[in-house]
Amino acid sequence: MQDNEKQTFDLGLFVGDLALDEDGSSDDISLEGLQEELEECKNVEEVANILSKGTKLREYTKGVENNVRQVELDSIQDYITESDNLVLLHDQIRDCDIILSQMETVLSGFQSEIGSISSEIKSLQEKSMDMGLKLKNRKGAESKLAKFVEDIIVPPRMVDIVIDGEVNDEYLRTLELLSRKLKFIEVDSMVKGSKALKDIQPELERLRQKVVAKVFEFITQKFNALRKPKTNIQILQQSVLLKYKYVILFLKEHGKEIYTEVRAAYVDTMNKVLSVHFRAYIQALEKLQLDIATATDLIGVETRSTGFLLRGREPLKYRSAVFALGERINILKEIDQPALIPHIAEANSVKYPYEVLFRSLHKLLMDTATSEYLFCDDFFGEESIFHEIFAGPFQVIDEHFNTILPNYYDAIGLMLMIRIIHQHQLIMFRRRIPCLDSYLDKVNISLWPRFKMVFDMHLNSLRNANIRALWEDDVHPHYVMRRYAEFTASLVHLNVEYGDGQLDLNLERLRMAVDDLLVKLAKAFAKPKSQTVFLINNYDMTIAILKEAGTGGGKLQEHFEELLKSNIGVYVEELLLEHFGDLIRFVKTNASEDTSTGAGKPRVADVDPLVKDFANRWKAAIELMHKDVITSFSNFLCGMEILKAALTQLLLYYTRLSESVKKIPGGSALNKDLVSISSILYEIKKYSRTF
């Protein structure tokens, strides 16, 4: 703080001294702004030293002047001392100046020469750019011209190959080059106006015509090879014709009128070849056909009819196939097996139901159609040609089918064919080949009405059956019912995976008709018991056949099981009434009444004959019941179940009788004649062990 104040004071004195010159006058000196400058310089070391020491300005100035004078004198002395060196330096500088002057002259010459060269380089650069542009344009023109010449000109070797050369791989490559030239003059608009085209076009046209004529002759010769007997058409198509498919493309692009002829020639050739092939195959298959059913082979027709007698020379297994599916179901498991080879089967004297021939024919059709469809798509590049080719084969198959179907009365076979067609449709769908869709739909549509007609014939045979002709004095299962059971089981089995509601409805109609017929046949028996036994045997057989077919029964089986159950109940009552009628009537009349009160209550005298009669002959009666059951029922297990039910019911009746005896006054006197329940149970168990 004190230092700052001192500096400020000294600064004031310094300013005061400056205000006075050496003569002490200040008239001509302006000190304006001096104070501010000093303020700015107060931090300068030299000024600060002056101010701090309080030195007067004049004294300080004199000291500085003396120092400067001394320095000047010292400097002069140094110059005098170094004078020789300075003279030498001066001479050297002068010599350098001369040399630099000479260099300047040389460089100026170089500069002028370089300027001249630069202008020449610039001129050359412009010329080079101009020449480069011209060269580029000429190369572009040359390239286009060369391409034009290459595309439009026809070399002599090309002419020689396409006119006189053999049709091989080289020929096909040359044909592709010719095709490009023909397309070039047709498509490029610049070419159409060129003079070169006028010269070359007539030659190209003549060459095109000759090539088209040559390849037409060549390809038709290849087509004619398809007509040769025993030719493997598929191998010829794949190994020979497909190699020349570019010929067809060339004709399609540059000879449309000839392509139409080639296409028509192929269609005509394959149409005839395949028609002959399928006709011969069908004729061979017809020799292998085994007729399963005729118009008289119906469920409700009696076995003594003419149809069955005439067909007696056929093996029994084939006659039974009219109604039973049997091993015929295997055809659906062999759906994708190769087609039959007729001459091998004929040599082995093997005959087949028609559905086997039907599958084989359509398997051949599917494989042939698939191969032809793919070939036509690859060779001709169009799918529509397939239907023109197969118009003939379809007609041949239709003629055969229209001959077979009106005289075909095998309902099982018809349903098998319907399922075969369905499986074939799935196979074609998996192959992604749609060419047979409409044909297979048409076959399916024709099969259903025929099946419905034959089915209705079976139905009407039941509805219009001659009861007198069909009835036989035999309580065992009737052959009509066996036919019905086998026929129904077959159709149900063939419908398991398809769930056809219309077929289920028709089977229900058939079931109602056979129910009605069976009841009528039962009523023809004089004895009610025989009627019941007849019904039980037939219902039991029907249920067994439905179960054997592995169909699970369904509603039809449940229906017959209900009928069987109700008729077994009726038979048990009839059987017991036959052997223990008095006992059963007494139990039914009195067992439910109060025996201790009321008028008309049973007495010992009323019950005594019943108890003694039962005690005397109950074992013999049970044995007779056993023999009756054994002889009455075809199914041993069913008979034993019925006997068991009868004995159980007998035990129930006798138990109720014993209870009634106990309630009668004085009934204890009859205890000695009552058979113990345990004895009856033992006897029942003895018969139970037999089954």
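Tutor: Quick definition before we start: helices (H or I, at least four residues) and strands (E, at least two) are DSSP runs, numbered from the N terminus. Keep in mind that this is a predicted model.

Student: Okay, where is Ser349 found?

Tutor: Look for α16, which covers 342-347, and β2, which covers 352-353. Ser349 sits in the loop between α16 and β2.

Student: What is the phi of Ser349?

Tutor: Most residues other than glycine have a negative phi. Ser349 isn't a glycine, yet its phi is positive, at about 55°.

Student: Is Ser349 buried or exposed?

Tutor: Exposed means over 50% relative accessible area. Ser349 has 65%, so it counts as exposed.

Student: And Lys230, which loop does that lie in?

Tutor: Lys230 also has a positive phi, near 60°, and it's a residue other than glycine. Its relative accessibility is 89%, so Lys230 is exposed. You'll find Lys230 in the loop between α9 (195-224) and α10 (233-239).

Student: Now the helices: is α27 roughly parallel or antiparallel to α28?

Tutor: Helix α27 spans residues 604-632 and helix α28 spans 636-663, and their axes are 10 Å apart. The angle between them is about 175°. Over 145 degrees counts as roughly antiparallel. That's why α27 is, relative to α28, roughly antiparallel.

Student: How many residues of the contact of α27 with α28 are nonpolar?

Tutor: The contact includes Val607, Phe614 and Ile630 of α27, along with Leu643, Leu650 and Val661 of α28. No charged residues take part and 2 are polar, while the nonpolar count is 16.

Conventions: Residues are numbered from 1 along each chain as its sequence is written. This is a predicted model: local features need pLDDT of at least 70, side-chain atom pairs count only at pLDDT 80 or more; totals for chains, interfaces and linings use all residues. Side-chain values use heavy atoms; hydrogens and water are left out. Axes are lines fitted to C-alpha atoms, for helices over the stretch in contact, and angles run from 0 to 180 degrees between N-to-C directions. Angles under 35 degrees count as roughly parallel, over 145 as roughly antiparallel, 65 to 115 as roughly perpendicular and the rest as oblique. Contact means heavy atoms within 4.5 Å. Ala, Val, Leu, Ile, Met, Phe, Trp, Tyr, Cys and Pro count as nonpolar, Asp, Glu, Lys and Arg as charged, and the others, Gly among them, as polar. Buried means under 20% relative accessible area, exposed over 50%, partly exposed in between (1.4 Å probe, protein chains only).
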